[in-house]
Structures are given as C-alpha cells and as structure tokens.
Amino acid sequence: MEIKKGIGVSPGVVISTAIVIDAEDLVIPKRNITPDAIPHEIERLSRAIDATIVDLQKLRDDVTNQHGKEIGGIFDFHIGILRDKLLRNQIVAEIEKNHATAEYASSVVMRRYANKFLAMTDRVLSERVKDIHDIEKGLLRSLIGQKHQDLAHLTQDVIVIAHDLLPSQTAALDRSHVKGFATDAGGRTSHTAIVARAMGIPAVVGLGNITSEVSGGDQVIIDGTRGMVIVNPDEDQLTEHREYEKKQLQLESDLATLRDLPAQTLDGHAVSLQANIEFPGEIDDAVIRGAQGIGLYRTEFLYLAADHEPDEEEHYAAYAEALERLQGKPLVIRTLDLGADKYTQEKAQNPERNPFLGDRSIRMCLHDIPMFKRQLRAIMRSSVLGDVRIMFPMISTLMELRQAKMVLNDVIEELEEDGIPFRRDIPIGIMIEVPSAALMANNFAKEVNFFSIGTNDLIQYTLAVDRTNERVAGLFCPAHPAVLALIRDVIRAGARNSVSVSVCGEMAGEPLYTLLLLGLGLTTFSMNGPDIPEVKKIIRSVTTEHARNVARKVMSFDSERQVMHFLREETRKIIPEAF
Amino acid sequence: MGLHARPAMQFVDLANQFTSEVRVLKGGDEPVEADGKSVMQMIVLEATQGTPLTIEANGDDADEAVKQLAELFESKFGEE
C-alpha cells in the first residue's frame, strides 16, 4: 500500500485496475506483473517479434531495390537474430522467472548481449553492438505500439497511468472503459486534465514518478477530489473508498434524472446552461448531461493537435461536425486564443518577457490577418449549417473590436464575390476578460450582440495574480469583491442594452457561485459538461427573489473570505451534500 | 576464417535443417560453448579466423549434420 499526492484536476473517486502506458522515449521502467499475466506477456512478445520481422522484411526489400543487395543484407542479420529461438526463450524465461513485462524482459536480455558484443576483441564484431541496439528498439517500438492498440480495444475497466498523455494517445483511447487517469507530469491546464474533465472521470496529475511505482494489473484508487492516488490499497481503505464511490454514484444518478428537466427557478425564471468544449467529439456527452448549447468552443485545439496551422477546410470540417452533432442548438465559436501558452512561446523566435500581457489571442490574430481570415471564412461558411455565433477573445479596447469586425467584413465581401452562401445575421460577441473591457461594457454593448465573461483571465488581470505560480496562487479568488463588482456591472450593462451575458469561466460551473450569479441576473452559464447537473439542481431549488437577496448581501461584503463563507452556508441550506 | 554475421547465419540456417542438437565448442584459454542453432550465440562465440572449433551433434541425424556443417567450413562458406 502506498499513498501518493499530486494535483487533483478532475474530481471524483474511482477504484480499478491499472494499465501503464510507457513513455515514448523507450525508457522502460522496471515493473512486475502478476503471475496470471505471464501468458499474456509471452503472447505479446511473440506478436511483437513476428511484427518486427515483417517490418524488417519490407524494409530489406525496399532497401535492396534502392541500394542493392549488399546494404539490404544488413536487415537479413536483424531478421536472423529475431528468429533465434534461443534468444526468444531467454526473454520468455526472464518474463517467467522475474515476472517482468515483455518490454522489460526484452530490454534486459538484449542489453546483456550488447555488453557481450562490447567486450569482444574483434573490432568488426564489436561494432555489431549497434545492430543489437537497433533490434532492441524495433522490438520495443512494436511492443509499445501494441499497447496503444490495446488501449483502443479494452475489455475491462482500467485506470490509465502514463508519464503525460499525448493528444494522439487520448484520441486512441477506448473511452468506455477508461475510469481514471494518473500521470507523472502535467498541471491543471495540461491535456490530460482537460480531457479528464471533459470525460467527467477522476484524474490526478503531477505525481512525479507514478509510472515506475505502479505495475499493470495493480489495484489503484484515484481520488481526483483530494489529489490522491493509493496503490494496492489495504482493506480499510478499500471499504472507505467503496462507500464514497457508491455515494458519488448515487449523487450522479440523481443528477442524471435532472437532465430533461428545465433549468428554471422555483418561480419559473429560466436560464440557459451550456457547455465548454475543445473538440466536437465532446458535444454528445455534454448534451447527455443537459447542455442546451455550446457557450464556448475553444478552437485552439485545432492548432495544437496538428503540427501545422489548420487550413480553411480543416476549420470548416470541425465546425460542420460540431453543428451536425448539435442539431440546431447554438454554438459559440471563440476565435483563436493562443499566445501566452507554452506551445507558442517555445516555438517563438523571440520569447516574450511577459506573455500574458503580450501578443496573444485577438492581438496575435490582428497581426496575422491571413491566418485570422482562414478561420473566419470557415466559420462564415459553416453558418448555413446551424446556429453559429462568433466570439472574439481578449478584447481590451474598442479599436480592437472594430478591427476584428472589419476583417470579418472583408471575409463576408469575399464570400459574396465567390458566391458562397452564409448567414448574414450571425451574432457577434466578445469575451470580457480584461478589466478595461469590463469597465467599458456600456460602450462595447452598443457594438456587439453578446458578452461572455471569462472569469479565469478576468480574475488574473484584475488581481494581478498568476494562479499557476504556487507562491501567489492563494491570492487567486473569484470571490474577491473587486472581481464581483466587475461581473455585476457587466451583467447590468448587458441588461440595459439588451445584450445577452454569459459567464464561461470556471466560476460558472462551481456550485458555490451559482446563487450569486443567478442573483446578479446572469441568464447563461457555460461550463464543463459534468458540472451542469449540480448547477441545475441549485437553480431549480431557489426562487429568483432568494437569489437576489443572496447577491445583495454578498455585494455588501468587503473580503473574499466573508463572501465564500456566506455562499457556502447559503448553498448548504439548499443542497446539504454539496460540500 | 572468422565467424562474422553472414557465415554465422549460414551455419545456423544449415544447423536448423537437422533435428539433432548442434553445439559448437571453442577451446583455448577460456573454453566457450554455443548453441549451433542460435545466431546470437554463434556470434558471441567470437570465433575469429583461425580459431579451432569443435562441432558436436546429438540426435538421429547427428552424423550427417556434423559432416555437412564441417563441409561448410571447408568451403569457406561458399565465398572466396
């Protein structure tokens, strides 16, 4: 039994069997398997050897055709080694005797031979050690590739343990059997965290070396709420967590029954609950949880998933797929919001000193009009397929909004010239996430159709806190009275100008703030799909009057502690099991 | 004649055509023994040119195996 602490990035508790994905760099951690997994490992070894031989035969033939028999013959040697029955038996013996994985056993045996080659006095033979390394790598690649294959065809529920999941790996996952994630690396905004939250399964990241401490087949408890992983738990822990898991499941199934009930208060005031997504595949799950539309489609993933900037057709394909899945429900597409992230910074020729105050988001788009136009053109083309809305992020001055709209007008004129159909009345909105935009909401309201408050950035820029910086992260708080005053004013400015207002930051999905936001007059909440049922439950349990009173009281406080304390008490009165 | 990759593979290919067990012994300061049907072991044997080797076979077709394997050495692995 071992307890490991990490960062809980997706809540919930799950107990299941571990499956470990090895790192791509072929560093094979030593792991033991259970005795009943031995035949499976031997079978995997045999399949890997056969597959490697087939690959090498093809390579040999290609090389022989291109460069002649002499060079192609090198691969005959590799094939000969892989066909060596004695070698195979030695690897099998390693698996059986030491309960090793096929990867580890192959690596151990091949390295033993490599050392023998290095010890030889005959230089020509000694040089052959390179071939031995090559053969080992080929074999390992095949074994690991197999595991990726295995992940697509899981037969039982598993918890995925990995160094850090790559987008290509999560894309291949058979999601119906994956019950949780635990990774060595990563933070709150890592790919694993985002995927786990979208899937609504528990995840703990930043565990350091979980891949070397867990073996495939181990029993593991993942507690995403408390950021804990328990490897091979004892009976007491199992009992405790099974109880907790059962309670959670009960709560979830109660919440699921809420799905088809309207999101309205006791006195019949309806609000719209929508979901935030990163890729169209998440839509079905969000709708199952009760999303009435997509309030935030983060299109960055189109740029990050591929190793090139997406062309117009790739944009269009993604938007068309999203609209088809939504069947008439609204889709708010946020234009590219990259710049301050590590991907762009690493690629940049001159990294910025202060990227969050730098060339990011709409600023970056306005500096690269052709790229911006490709995305806008694809959005406009898709507008005839459903209820599409365009949202510009990180707007800080009216000039930026006007420039962005001018680019959009250019795109519209071009589409007209080309005779391509599009919807003329497509709603245009902005993210309110910079204090200057919040303070000027009245002015902005005259030039857009909707606002969406991005609370994460709004808090960061209002309080001057980088929440990924551990030393100051404690200062990051949505309940700060200054943040709340900005949110209140934006909602008011929207109401006065008939501009709809939503909140699409994390605050919208936190039950603690539901009463407050409702009381401030918010009509659209956009959040991660799994958060929808609980927020809906709170909304359905109060009257507008009650929520307004809560909001009025909250706005009279002068510290975030008072705000949070009061909101916790008030929410508990409605849903005692919420906290 | 050193037992480098290609000759070692030829030797092993031939050895594998017999049902008998084939062992190759290298004498000298540190006597070493190799499985004549394993390429890996035959190479690790490090039988450089001029190393005296003993071929042993055990089984139904042992005599024929030793005869043909020795011939392979005598023909210098068909090269020259």
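Chain A and chain B bury about 1,500 Å² between them, with 71% of that on carbon and sulfur atoms; buried area here is the accessible area (1.4 Å probe) that two parts lose on being put together, summed over both. This is a predicted model, in which local features need pLDDT of at least 70 and side-chain atom pairs count only at pLDDT 80 or more, while totals for chains, interfaces and linings use all residues. Residues are numbered from 1 along each chain as its sequence is written, chains are lettered from A and ligands numbered from 1 in the order in which they are written, and side-chain values use heavy atoms, with hydrogens and water left out.

So what holds a place on the chain A side? The elements giving two or more residues to the side that touches chain B are α2 (69–82), α3 (85–98), α4 (102–118) and α5 (123–126) of chain A, helices being DSSP runs (H or I, at least four residues) numbered from the N terminus. Of these, α2(A) gives the most, with five residues.In total, the contact (heavy atoms within 4.5 Å) takes 20 residues from chain A and 15 residues from chain B.

How many salt bridges are there between chain A and chain B? The count is zero, taking a salt bridge as a side-chain nitrogen of Lys or Arg within 4 Å of a carboxyl oxygen of Asp or Glu.

Now turn to A:Thr455, which lies in helix α20 (residues 455–463) of chain A. A:Thr455 counts as buried because its relative accessibility is 0%, and buried means under 20% relative accessible area (1.4 Å probe, protein chains only). Leaving aside residues up to four places away in sequence, A:Thr455 touches A:Ile487, A:Val503, A:Gly505, A:Glu506 and A:Met507.

Key: Buried means under 20% relative accessible area, exposed over 50%, partly exposed in between (1.4 Å probe, protein chains only).
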